[in-house]
Amino acid sequence: AADLPYKFPSIEVRHTKADAGVPVSYWRSVGHSQNAFVVESAISELSETSGMDEYLFRREYLKDSPRLLHVLDEAAKKGAWGKTGDDGVFQGIAAHKSFGSYVAELVELKIEYGEIRLLKVVSVVDCGFVVNPDIVTMQMESGIIFGATAALYGEITLAEGEVVQSNFDDYPIMRMNQAPIIETHIVPSNESPTGVGEPGLPPLAPAMASALFKATGKHFRSLPFKLS
């Protein structure tokens with residue numbers, strides 16, 4: 001959060017360590033997961049406060065980060081940014097750099113029968129020179145499914161000092177019939193190859209949070225998302 005691509009004239013970042021009381025290990029995309037959620041969600045809220053479209057707000061402050069700006073522009077273009085939500089479908093967008101790669105994701109979702117239904121994710125990735133585009137596409141897809149699972153279902157609870165969840169019956173993962181349509185667009189590049197195993201995950205949750213705010217008028221600042 002102290003290494004923002006956005007060029008704001010003034011910024012202050014504070015950190016407070018929170019001890020969960022139980023061992024905590026690595027997670028896919030490591031610190032980029034929660035940091036991208038916090039930072040990109042804050043950017044969306046700042047755009048709302050300023051009265052600007054969140055995509056245009058990001059464009060305004062990403063002028064010194066051309067590769068991140070480019071994937072953001074491409075995601076907005078490929079995903080047809082600007083739907084009004086008249087059909088009950090709402091959009092959100094987010095962008096993040098991790099492991100040397102730049103990824104932007106545009107999501108479409110709706111609230112159906114009191115549940116969040118993720119309909120579509122348009123992902124644009126700039127990971128330098130690509131040797132095997134199929135591998136890049138598969139990694140983006142799996143990162144998105146992993147991130148969507150965490151955003152919708154990934155809650156760990158404790159009782160009497162023990163983790164309650166024990167297997168996939170009480171810690172569900174996204175099933176095939178719940179999975180969104182995923183489009184992956186790879187930016188042609190002659191830059192050195194960079195990571196693809198994890199960068200598809202970080203922008204997903206903040207993009208969903210933005211769309212959920214449009215759908216409900218409520219800010220979602222913790223994961224997993226809960227409508228009530």
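Which residues of helix H3 are buried? Before I answer, please note that this is a predicted model. Helix H3 comprises residues 66-78. Its buried residues are Leu 68, Leu 69, Val 71, Leu 72, Asp 73, Ala 75 and Ala 76. The elements that cover these buried residues include helix H2, at 54-61, together with E1, E2 and E3. As for its dimensions, H3 has 13 residues and reaches 18 Å from its first C-alpha to its last, close to the 18 Å expected at 1.5 Å a residue. Just after H3, Ala 80 takes a positive phi of about 55°.

I turn now to the sheet. Four strands form an open sheet with mixed pairing, and their order is E1-E2-E3-E6. At its edges are strand E1, residues 90-98, and strand E6, residues 181-186, each of which pairs on one side only. On average, neighbouring strands of this sheet are turned by 20° against each other, direction ignored.

Let us take the E1 side of the sheet. Although E1 is an edge strand, it is mostly covered, with eight of its nine residues buried. E1 pairs with E2 in the antiparallel sense, over nine bridges, and Ala 94 stands opposite Glu 105 in E2. The hairpin of E1 and E2 has two residues between the strands, and in this hairpin Phe 99 takes a positive phi near 55°.

Finally, I come to a pair of helices. How is such a pair described? Two packed helices are characterised by the angle between their axes and the distance between the axes. H4 and helix H5, residues 204-216, pack at an angle of about 50°, and their axes are 9 Å apart. H4 is therefore oblique to H5. Their crossing is right-handed. Which residues meet there? On the H4 side they are Ile 144, Gly 147, Ala 148, Ala 151 and Leu 152, and these meet Leu 204, Ala 205 and Met 208 in H5.

Thank you for your attention.

Notes
Residues are numbered from 1 along each chain as its sequence is written. This is a predicted model: local features need pLDDT of at least 70, side-chain atom pairs count only at pLDDT 80 or more; totals for chains, interfaces and linings use all residues. Side-chain values use heavy atoms; hydrogens and water are left out. Two strands pair if DSSP finds at least two bridges between them. Axes are lines fitted to C-alpha atoms, for helices over the stretch in contact, and angles run from 0 to 180 degrees between N-to-C directions. The expected span of a helix is 1.5 Å times one less than its number of residues. Buried means under 20% relative accessible area, exposed over 50%, partly exposed in between (1.4 Å probe, protein chains only). Contact means heavy atoms within 4.5 Å. Angles under 35 degrees count as roughly parallel, over 145 as roughly antiparallel, 65 to 115 as roughly perpendicular and the rest as oblique. A crossing is left-handed if the near helix is turned anticlockwise from the far one by less than a right angle, and right-handed if clockwise.
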